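Let's work through a few exercises together. Take each one slowly and keep the 3D view open.

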Amino acid sequence: MTTATTILDAIVQQVDATGFTAHGLHVRSGAETAEHHWTPDLRREVHSVAKGVCVLATGIAADDGLVDVDVPVATYLPGFVTGPGVEEVTLRHLLTMTSGIDMPWSATERTDWPDLAAEFLGRPSRGRVFQYANASTYTAMRVLETRVGDVGAFVAERLFAPLGIEDVDWLRCPNGYVAAGEGIALRTEEIARIGRLVRDGGVVDGQRIVGTRWCDAMHTDWVEREGTEPGYDRYEMAGWGGPGRLWRLHGAYGQMLLFDGDTVVTVTADDHFGADALARFVADELARQRPGHAGTAAEPTAERADGPA
C-alpha cells in the first residue's frame, strides 16, 4: 500500500465517521497519488482557492516583466481617484490583504457600485494592516488587466493550458472583468494539478510555468494577525498558515489545498463549518504518518527562478 493510499484511507474514514459533506479527495505524496469520490467529480466553484490562481497569474506576468508588485497600483490605474493613504497601496498589498482598505464582503458587491475597483480604491486606507476582502483580489486583477489584457484569457493560456485544464469559464462582473477571488469551477483532480504545481515550485513535467518565488510567496513571510484562532492567524499571498505544520489555500464550503512538505491533499466539499476540523485532522494524520517530512517538498525538475517575490 502506497503512502498516498494510507493517507487517503485515513481521511476517508474520518469523513465517513464525522459526516463531513465531502465531494472529492485527492492525495499526492511524493510521486504517488490516490483519489476518492463521494459524488460525481463535476466541476464546482472553488471559491477563494481562485485567489491562489490570481497570485500565480500575477507571478507569471511579473516574471515576464509586465508588472511590478511593489509599484503603487495608482500607477497602473491613473484614471482612478484614490482615497487618503491609498496612493501608497501596491499590488503586493492587495494580494496579501494589507491595503488597510475596509470593504466588507457582500454577495452583490460586484453590482453594488458602478465599478467595484473604483469604489474600493476610493476608500481610505488605515495603513499596512490586514483587512481581508474579495474586493482586494478583484482590484489586483484589474491592475493585471492593464498589463496582460483579459485576465481570464491570460490564465487560460499561461497557467491552465500547461496543466491540461481546458475550457474554464471565469465568472465576471457586469463590466466584463473576472471575479478574481472566486468564480472558477474545477474538478477535484484539476485543483490537485494546481496544488502539484505550487508544491513543485512552479514546474510541471519539466516545464517552468511560474517562478518558484511566487509559489513560496504563498506560505512565507507571514502577515501575523493578533486575536484570531490558529489557522487564521497567519496569511500571505492567498495562503493561510496552519493548522499545525500545514499551510493551505482555503475556499468557502471546504474547498482546500493542504500542503505539508511533499504531500498535497485536495478536498472539495459542501461543508463550510466542518472544513476547519477536517484540516486539523489532516494535519495531525500527516504528522503521525510522516513525522520527518515537514517542509520537504519535491524539488522541481527545471531551473529554479529564485529571488524575492
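**Exercise 1.** What covers the buried residues of helix 10?

*Solution.* This is a predicted model, where local features need pLDDT of at least 70, side-chain atom pairs count only at pLDDT 80 or more, and totals for chains, interfaces and linings use all residues. Residues are numbered from 1 along each chain as its sequence is written, and side-chain values use heavy atoms, leaving out hydrogens and water.

Step 1: list its buried residues (under 20% relative accessible area, 1.4 Å probe, protein chains only). Among them are Ala-275, Leu-278 and Phe-281.

Step 2: look at the cover, which includes helix 1 (3–18), strand 10, strand 11 (255–260) and strand 12 (263–269).

**Exercise 2.** Is His-250 buried or exposed?

*Solution.* Step 1: locate His-250 in strand 10, residues 247–251.

Step 1: its relative accessible area is 12%, so His-250 is buried.

Step 2: check the neighbours. His-250 touches, leaving aside residues up to four places away in sequence, Tyr-232, Trp-240 and Ala-275, among others (contact means heavy atoms within 4.5 Å).

**Exercise 3.** How many residues of helix 8 are buried?

*Solution.* Step 1: helix 8 spans residues 188–199.

Step 1: 9 of its 12 residues are buried, so helix 8 is largely enclosed by the rest of the structure. Including Ile-191 and Leu-197, these buried residues can be picked out in your view.

Step 2: just after helix 8, spot Gly-201, with a positive phi of about 70°.

Definitions and conventions:
Helix = DSSP H or I, 4+ residues; strand = E, 2+ residues; numbered from the N terminus. Buried < 20%, exposed > 50% of the residue type's maximum accessible area, 1.4 Å probe, protein only. Expected span 1.5 Å × (residues − 1).
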